[in-house]
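We will go stop by stop.

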Amino acid sequence: MTSLEALLVLVTGFGAGVLSSTVGVASLLSFPVLVALGLPPVVANVSNTLGLIPGGLGGVVGYRTEVREAGPIARTIVLVCAIGAVIGAALLLGLPPGVFEAVVPYLILFTCLLVGVQPRIARWLRARHEARHGVALAERRHMSPATTAFATITGVYGGYFGAGAGVMMVAVLGIGTDLELRIVNGLKTLSLMVGNVVAGLISIVVADPRWDVVVLLAAGSLVGGYVGARIGRKLPDAVFRWAVVAAGVVAALLLF
């Protein structure tokens with residue numbers, strides 16, 4: 001790898017870290033760059049997953065206040081995403097390639113729609129509950145069984161395929177809880193880090209990563225993840241919501 005290519009990987013890692021901690025679509029930047037540099041797709045995928053783990057760590061450190069505020073939900077997210085990632089990685093190893101790719105773009109577009117209309121859905125749910133029971137719906141600061149199940153499914157998807165998993169987690173937590181979006185963003189970043197750790201460790205078994213690429217990506221993504229978290233914490237809810245939707249639409253279009 002030349003000095004210019006090494007610099008490109010380092011900068012790419014920084015950019016991917018920022019994207020991971022803000023809109024959750026880091027691999028849309030980093031994976032194509034690694035393939036363009038000549039890495040075989042499987043090696044690029046494993047190297048990318050391992051290299052983005054520090055980016056998730058930097059993002060979680062940047063969102064540490066939000067993660068603490070989430071309380072038990074943060075611990076639940078770690079557990080279900082770890083379990084889901086193991087299942088997803090097992091599916092990746094056991095199923096023929098291309099099983100889910102045809103439906104993934106549609107799935108991402110659907111979750112983008114959910115993220116965009118989430119405030120209206122929340123108002124409708126509250127109004128419906130009040131009309132039926134005569135009392136206002138209590139603020140949901142814990143994950144219901146249904147929300148936990150969907151978060152686990154998102155973890156499985158992240159371990160199997162991964163593209164747009166951050167957008168899906170924002171949709172699940174945004175609709176299933178009443179947490180502020182800055183906290184949802186912190187939990188989304190935590191979920192992506194957990195998924196990358198599990199998937200990365202398993203992926204080492206099936207492919208040899210390019211460790212020089214991993215180290216450069218890791219260095220860039222660590223800083224980028226922290227910087228992205230500082231940006232994400234200050235984004236107004238409407239800006240964050242539509243940035244996630246835009247990122248998800250771009251991911252879906254590229255996958256089409």
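Start with a term you will need: a residue is buried under 20% relative accessible area, exposed over 50%, and partly exposed in between. Keep in mind that this is a predicted model.

**Stop 1**

Select R182. Its relative accessible area is 25%, so R182 is partly exposed. E66 lies in helix α5 and R182 in helix α10, 116 residues apart, so the pair links distant parts of the chain. Is E66 buried or exposed? E66 has a relative accessible area of 2%, so it is buried.

**Stop 2: a second partner**

E69 is partly exposed, because its relative accessible area is 37%.

Together E66, E69, R182 and R233 form a network of salt bridges.

**Stop 3: another pair**

How many salt bridges does the structure hold? It holds four. One of them joins D212 and R210, so select both. Their closest N and O atoms are 2.9 Å apart. D212 is partly exposed at 33% relative accessible area. R210 counts as partly exposed too, at 32%.

**Stop 4: helix α6**

Select residues 72-94. This is helix α6, with 23 residues. From first C-alpha to last, α6 reaches 33 Å, close to the 33 Å expected at 1.5 Å a residue.

Now colour its buried residues: I73, A74, I77, V80, C81, G84, A85, G88 and A89. An α-helix has 3.6 residues a turn, so residues three or four places apart point the same way. Look for that as you go along the list.

What covers the buried residues of α6? The cover includes α5 (64-70), α8 (145-160), α9 (165-176) and α10 (181-206). Show these helices one by one.

**Stop 5: a nonpolar patch**

Switch to the surface view. Select F14, L57, V61, L222, V223, Y226, V227 and I231. They make a nonpolar surface patch of about 620 Å². The elements giving two or more residues to this patch are α4 (53-62) and α11 (211-234). Which element gives the largest share? Helix α11 does, with five residues.

End on V223, which is found in helix α11. At 46% relative accessibility, V223 counts as partly exposed.

Key. Residues numbered from 1 in each chain as written. Predicted model: local features only at pLDDT ≥ 70, side-chain atom pairs only at ≥ 80, totals over all residues. Heavy atoms only, no water. Patch = residues over 30% accessible without salt bridge, like charges linked within 9 Å, V, L, I, M, F, W, Y side chains within 5 Å. Areas by Shrake-Rupley, 256 points an atom, 1.4 Å probe, with all protein chains shown as cover. Salt bridge = Lys/Arg side-chain N within 4 Å of Asp/Glu carboxyl O. Helix = DSSP H or I, 4+ residues; strand = E, 2+ residues; numbered from the N terminus. Buried < 20%, exposed > 50% of the residue type's maximum accessible area, 1.4 Å probe, protein only. Expected span 1.5 Å × (residues − 1). Contact = heavy atoms within 4.5 Å.
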